Amino acid sequence: MTTGEFDDFDGFDDFGGFNGFDGPGGLDAVRRLHVMAAGVRNARVTDGVIDAPFERVWAVMGDLEGEFGRFQPDMSTLRVVHSDGERLEALARSRYGLRARFHGVLRPGWCWLQSRFLIIGMAAAPDAAGTTRVALTGGVRVPGRAALVPLGTRREPRLALGRLRGRVEERS
């Protein structure tokens, strides 16, 4: 993938109908997030299992305007300003006052958002035990490249996963 292609790449144009469960090639959303992150230099994926059904977990993860800022450590608010089916445009404000305009895709079990300087990826998939596997990735983009600045790419998603577990429990 060339530099220019990455700016508009969201990983979904060839996956019509993917619903967060088994998609093309038997990849569920969590496995797909690992594939996407593998194409982004310095991206790290944090995986975990939440002891709750998929629907309860995704009700928190997919609530970008309500819950997202409660479990993502650096985000204060996110507001969807336009949506067309699964594609959306959102404005976000960090806890430090920085702003970003994201473009991406949100569907059950999957969220991939990117701005000029940030990437956020979230995935969830049910497992046979009735729990939910989740995966988180993201960070500060290196402008014009498929790469992240390697600061906070391990700590932030781990913190977000812990907060996500707490939010799912609180809403139960």
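**Exercise 1. Determine how many bridges join strand β5 to β6, and trace the pairing onward to β7.**

Solution. Step 1: strand β5 (residues 110-114) and β6 run antiparallel and are joined by five bridges; strands, numbered from the N terminus, are DSSP runs of E with at least two residues, and helices are runs of H or I with at least four. Two strands count as paired if DSSP finds at least two bridges between them. The model is predicted: local features need pLDDT of at least 70 and side-chain atom pairs count only at pLDDT 80 or more, while totals for chains, interfaces and linings use all residues. Residues are numbered from 1 along each chain as its sequence is written, and side-chain values use heavy atoms, with hydrogens and water left out.

Step 2: Gln114 has Ile119 in β6 as its bridge partner, and a hairpin of three residues connects β5 to β6.

Step 3: β6 is also joined to β7, by nine bridges in the antiparallel sense. Ala124 stands opposite Val134 in β7. Five residues lie between the strands in the hairpin of β6 and β7, where Gly130 takes a positive phi near 85°.

Step 4: seven of the nine residues of β6 (residues 118-126) are buried, that is, under 20% relative accessible area, with exposed meaning over 50% and partly exposed in between (1.4 Å probe, protein chains only).

**Exercise 2. State the order in which the seven strands form the open sheet, and identify the edge strands.**

Solution. Step 1: the order is β1-β7-β6-β5-β4-β3-β2, with antiparallel pairing. Strands of a sheet pair through backbone hydrogen bonds, either parallel or antiparallel.

Step 2: β1 (46-50) and β2 (75-84) pair on one side only and are the edge strands. On average, neighbouring strands of this sheet are turned by 20° against each other, direction ignored; axes are lines fitted to C-alpha atoms, for helices over the stretch in contact, and angles run from 0 to 180 degrees between N-to-C directions.

Step 3: β3 (residues 87-94) and β4 (residues 99-107) pair over seven bridges in the antiparallel sense, with Leu91 opposite Arg101 in β4.

Step 4: helix α5 (residues 155-171) packs on the sheet, where α5 touches β1 and β7 (132-140) and its direction makes about 15° with that of β1. Contact means heavy atoms within 4.5 Å.

**Exercise 3. Is Glu156 buried or exposed?**

Solution. Step 1: Glu156 lies in helix α5. Step 2: its relative accessible area is 14%, so Glu156 is buried. Step 3: apart from neighbours within four places in sequence, Glu156 is in contact with Pro73 and Asp74.

**Exercise 4. Classify the aromatic pair found in a search of the whole structure.**

Solution. Step 1: the search finds one aromatic pair. The ring centres of Phe68 and Phe71 are 5.8 Å apart and the planes stand at 75°, so the pair is edge-to-face. Rings of Phe, Tyr and Trp (its six-membered ring) pair if their centres lie within 6.5 Å; planes under 30 degrees apart count as stacked, over 60 as edge-to-face and the rest as tilted.

Step 2: both residues belong to helix α4 (residues 68-71), three residues apart, about one turn of the helix. Phe68 and Phe71 are both buried.

**Exercise 5. Where is Asn42 found, and what is its phi?**

Solution. Step 1: Asn42 is found in the loop between α2 (29-38) and β1. Step 2: although not a glycine, Asn42 has a positive phi of about 70°. Step 3: Asn42 counts as partly exposed because its relative accessibility is 24%.
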